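Subject: Handover of a structure

Dear colleague,

Please find below the structure that I am handing over to you. My notes on what was found in it follow.

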Amino acid sequence: MKNITIKIASLTLLLTTILSCTDYVDKINQDPDNILDSDATNIFQGVLLADQFFQTSSTARDAMIWLNQANGEDRQYVALNNWNNVTASEFDDSWNNAYVNCITQAKITVEKAGKEANPNLKGAAQVIEAHCIGTVTSLWGDVPYSEIDITGKNLTPKYDSQASIYTNIQKLLDDAIVNLNATTGAGIPAAKDIFYGGNPDQWLRLAYSLKAKFYLHVKDYANAKANAILGISNPADDLKAKFANSYGQSFNPFYSFLVYDRDTYMSGDGYAARLLDPSNALYRGNAKTDEAARFAFTYNQEYFSPYSLNIYGGDYGGTNGKFGSDSAMPMVSYGEMLLIIAEADARTSFAAGLSSYNNYRSLLNTGYSIGINNSGYETKIFSYLAYDAADFDAGGMVNKTSISNQNALLAEILQERYIYFLGSFEGFSDFGRTNNGAGIQLKAGNTGSPQRFLYPQVEINANPNTPKPIPTIVTKTPVHS
Amino acid sequence: MKLKFNGLLVLLVVLITQITFAQERTVAGTVTDGNGIPIPGVNVLIKGTSNGVQTDFDGKFKIKAEAKQTLVVSYIGMLKQELSASSTSLKITLKSDATELEGLVINVLGVEVKKNQSASAYSKVKGTVLTNSGESSLLKGLSAKASGVSIVSNSGDPGSGAYIQIRGQNSITGSTQPLFVVDGIPISSDEIGSSTQGVGQQNRMNDINPNDIDGIQILKGASAAALWGYRAANGVVLITTKKGKKGKISVDVNSTVSFDKANVRMALQDVFGQGSAGVWKKNNSNSFGDKISARSGAADTFNTAGAYFLSDTGNKIYSIATGGKNSTANFNNSNMDSAIGNGSSTDNHIGISGGSENTNFYLGVGNTNQKGIVRSSTYERTSLDFTSQSKIGDKTTFKSKFGYSSVSSNRIQTGSNLSGLFLGLYRTPADFDNRDYNGTYYTAAGVPHFNSQRAYRQDIGTTATDLNPSYNNPLWSTDIQKNPNTVDRYIAGFELKHDATKWLSLLARVGLDGYSDKRITMFPMNSSENAGHGSANESVTDFQQFNVDFMALGDVKINNDLGLNYLAGFNFAQTRYDQRGGSYKNFLIDANNFSYDNALILDKTTFLNRTYSKLSGGYFSAAFDYKSYLFLTLGGRLETSSTYSPNLKAYFYPTAELAYKFTKNLDSSILTDGKLRLTYGQIASIPRPYAGTTYYNSAGGVEGWGPGYDSGVYAGSFQRSAAGGNPNLKPEIKTEFEFGADLEFFRKIKINATYYTNETKNLLVDVPLNGSSTFSSIYGNFATIQNKGIELEFDASILSSKSAVKWNVFGNWSKNTNKVTQLEGTESLFLAGFTGSSSRAVLNQPLGVLWGGKFDRDAAGAMILDSKGFPTVAIAEGVIGNPNPDWRGAIGTSLAYKNFKISTLFDASMGGQLWDGTSGALHNFGRTWDTANEATLTTPLKNYAGSTIPVGTIRGNIQDFGGGPVLLDQSWYQSVGGGFGPVAEQFVKSASWVKWRELTLSYQLNLKDKKILGIESVTFSGTGRNLWLWTKAKDLGQDPETNLTGASNGRGLQYFNSPNSKSLLFSVNLKF
């Protein structure tokens, strides 16, 4: 009797447990600590931050070292002084920041803003996407773009030709311009827009500026000039990476690296510092040009002698230098537009080029781009007086090697770009585009010259469409060859 | 204090025993079966009384009896024996009872059942073997004790974990650790937080006191482990704790003291001083300075007009004036000794057991107090283990267990860590004295900066404007930085068994396991962390799991020749992690106690991670026994887990085992016993929780060199997670075949041999994706690996069983080969390590291969040289080494004569490689002996910088890479030839080693007739562990048996690992 009871009881137990087998484990497999979706407004700022981080972090330092604007001093960075020593994995972080954190999220924002009927926000996200993919293609050449699929259905997009990407970027920016001109929708969220506080007009000028920048990359100087004229037209509209004083969160990545993360790795030693140093034989100053303020803003002797990068600022103390913790880093600017116009003009006519270049110099002579307030650095002297045509004559002030005045002017403009774009990728792109028209003295003893970045190890590993073998670092990108 | 307490307890117990049992004497004996194998759990009863005991794991028993009494020895499946207690030392051989099956053993589920013939290989380790090893950690004590089981200690840090691997790695990113089961309760072997930097992590198995363990069975095969389900995919370690025995209360007191030191000391050059290019330079990171012995030897001259450092010990230290370094004083040894010195530990344990006819109990209380070889590292564990068994009526038994451990420790920051001990210690130049690390910095004008840290790159301390010492002074890392940690661990379980009929028993059991792990890390201001601005974090991990089984089991006699032993049941389990904590940085006040008030709100963060999962499964096993020589077991498990959701399914895993005892009718005096085994089994591993969904995270990012951004300090933003969710996750399924033989020759030599082959498909892997995929990684079933191997174990009694000298030789040998046969979505997969040198899974390579930068080579394999004759760097990284050994083996012997016993054990791992990142990094700083060589140039040579070095004696090495001799000097070691260069290949070395793991001498003093304080016996023993180490690579400076990333799946990484230790232990064991 007892046994039967037990048997029945156990049988019942078994049956109920069988039935509840999957019920028991169901519906607890979503992370209680994570969020499942977001609207466009709450993704937008992440796109801006990802773009500015990509433009100012690891590979921006590599480019500076290879262009002899800085020098590797310790451990891994010593080997890095020779661009031939770099391996593909050095580019993983930069590449993934661009593709995953910036371009993907920008495309998600574009899609969501479209559904939310917010054309201005869609346009702004398109502008950032263009800035990011344009920079990527300028550094790596042929890269995946047209087949990028945010639904995750195509994990191995093909590599587009660099030329077709530049063409698509112009189309994307044209679309962005239409969207930014729209007057419907909730608009760009002011609180989330760290660059322009939600002002669509400023975004519009940025869109034209990027068109100018990328036409220049493919040597379409006429279109570059035409769009530069429609682009950023005053210092207040400059697109600047915005930083503050919190380590790992809002620090300028240069400062974070130079002071917090790797405090002895990188000095300012190199050709650029000597060009700006009034006490050096290579000094580029002359009777009409005094670089003392720009030199002090960029380089000092805080960590290294003779040249450290100037890391003064909110966290370190002192007057903000170019690489201070909270020093904003220019990414697309008024000065750049004037330089594009000057270069385009100089390539067609010496006179027009000189006049346009003097426009730029008069802007510099207000203290623009020197110091974080465009007003010079501390009490240091600066002077950028207008050049005369005679200054470019053979043996003139800016033509010591007696070449044609037009070539001398072009070389001067390109050298100015080398200094002006210090700390950004634009100088690296110029180096390949102009075959070192700026006459940069690279670090001696290394084979070839740095023309592009290596495809990253993650891409080699996981995307079978990655070109094999990967082009070396001294191979020109297609639009430059 | 602890000792005093023990002493009091001993006295108390002694008094009780004196009063109760004074008139009797002890009869001791051993019970074995017909083959001489000891039988545990045999009932020994004094006839006509209720006094009785059970034999222990070794088949031994002790009972108080008068000479005229009779002992009744009984065991299920054996013929009952009665014999006189007139002798005090008995050897009893029980004959098998043909009418019943063999006796009780622990089955794979940890349940006591009548003996069934397992066809799958398992290894047994006795509890005493663990305690004799001298390791306070259970895992490390298992080292070299079983074939096919490889155990790698993370480091010699007190309480540090170990990596245990059975039959090679079966998973790539999932756990490779076996399931640990204590008395039927699955328990956690978590080792949370192991990475390339931070403190050495503890393994939660260390919470178990080895003194409480009676025995361990290691189930290696898939078929044996399968009834446990996915948790047992890497095998099962079944731990049986000590149980009470019927009879009087017996007390076992054990006290051990241990003296430890580093088993290998890093040898670093002391010839050249701080500086660069042969010139002494203060605060320089390198030791490429001048030759110390070439200095004048006069006292250094100081800049006494400038700033200075006033140390806590009262020394006033000025900066050395330019050109003022004259002293030849060398601090290479004193710097090392001050940080890594002598450790010690004490271990005290009392075990009390007893029982009546219906109830018995065991209570173990222990305390281990360890001071590590690394200065200021401590570990203290107090544990309590209680088990009881009660008979309720004739047919029902109730068992309960409760275990509790309290662990507190202070750990030291190590690894690749600017604020860690070893970076600063090994990099400090020989001519810099690390003492006087803490004090006050005064400017030349006399303005103080308190709590300044003095280190080799801040010769007069950190200042108010430069709080960063670059690398910590090692003594600052040990004494000023604190990493306190406390853990409360509890394990509880109940088991109710009802023998309903002869052929049906019902069993229900519940096991609970939980711990709360509280950690604090404090980097005070002036530490390297956060550039000297102060950083602190704390976390609490609350872990809880329960496991419930309902099962029916029994024996059925189908006919006279065929028997069936079956088991069927259901299993439910749940695992919950609640991890929370926070951090703050940029301290407002230079205070070292943890207070969230000491920072601005924007500098504080919190986190919460909750990870919950459940499983349910049903299982059965049917073991057929034909005439006791042919055995067939069929089994299976149907299982599902919450982590399959949203693709929730149940999966079935079958097993089959066949065993044939071919000596049944063979009457040979040579081959006295022999069994052939054949098994097949499948077992699964489940996906990790929550991986089916793509989430949105707070937008942010980092780059490998350190800088990062976080939208949380701007206006807040989200981004779609870079880790893609995958709704189509399936289990990893391992299929294993195993073939083996158990042979016994001359009744003395036992050999077990097993060959296995297994394949794990659908391995779950976080594949790092190309950024152009829009994700940086995706988790899914993307790989397959295969393992195959051979395991051998032997144990031989050399002398006759009648000899007064007992001499045993035992050992094990195993070989495992492993290969990744399929890897989708990526060519190689990062498991652990650094960007330029890591342990990876690579297609068609053994799992965990070392991966990194290489020299560029042409198609013929010759190095492509630059114009100066130096090698160049290959663009893409590749495989540079294999950390998997060719074979592992151990051999030991024990010799016993009367009351003396001596045993020793050697252990070896042959083949396999490691990446010696320590040496690579120290090349860069000019601290290795390699870089301190002085070469004599007979012709001028080029160095890597392109300079021509004239004839003469110069610091460096002459080498010919194929383009003629070149000079390797500072310019080479700090570029391509050093550890910070892109070529990791040159630092891959042999990881082969041989260890003299243990030597134990013991003497047992028998006092049972002397009646001294009721003590039956006193055993004195001395043990040496890790006494000697041979490594094939002579320049390692570290024990190759350590791993930087702990019990992670990445292997073979050496980067400023904490040293392993060697010890001398002395212990006294008292039995009452």
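In this model, 99 residues of chain B are in contact with 100 residues of chain A, where contact means heavy atoms within 4.5 Å. This is a predicted model, in which local features need pLDDT of at least 70 and side-chain atom pairs count only at pLDDT 80 or more, while totals for chains, interfaces and linings use all residues. Residues are numbered from 1 along each chain as its sequence is written, chains are lettered from A and ligands numbered from 1 in the order in which they are written, and side-chain values use heavy atoms, with hydrogens and water left out.

The interface

The size of an interface is often given as the accessible area lost when the parts come together. Here chain B and chain A bury about 8300 Å² between them, 56% of it on carbon and sulfur atoms; buried area is the accessible area (1.4 Å probe) that two parts lose on being put together, summed over both. There are 3 salt bridges between chain B and chain A, a salt bridge being a side-chain nitrogen of Lys or Arg within 4 Å of a carboxyl oxygen of Asp or Glu. Glu703(B) and Arg61(A) form a salt bridge through their side chains, at 2.8 Å from N to O. Strand 34 (residues 604-626) of chain B supplies the largest share of the side of chain B that touches chain A, with 9 residues. Strands (E, at least two residues) and helices (H or I, at least four) are DSSP runs, numbered from the N terminus.

The nonpolar cores

A nonpolar core is a set of buried Ala, Val, Leu, Ile, Met, Phe, Trp, Tyr and Cys residues joined through side-chain atoms within 4.5 Å. Buried means under 20% relative accessible area, exposed over 50%, and partly exposed in between (1.4 Å probe, protein chains only). The largest nonpolar core has 184 residues, and Trp66(A), Trp140(A), Trp203(A) and Tyr426(B) have the most contacts inside it. Helix 6 (residues 119-140) of chain A gives the most to this core, namely 10 residues. Another core, of 23 residues, lies apart from it and includes Leu142(B) and Ile213(B).

Two individual residues

Asn787(B) belongs to strand 45 (residues 777-797) of chain B and is buried, with a relative accessible area of 1%. Leu79(B), by contrast, is partly exposed at 43% relative accessibility; Leu79(B) sits in the loop between strand 5 (70-74) and strand 6 (81-84) of chain B.

Yours sincerely
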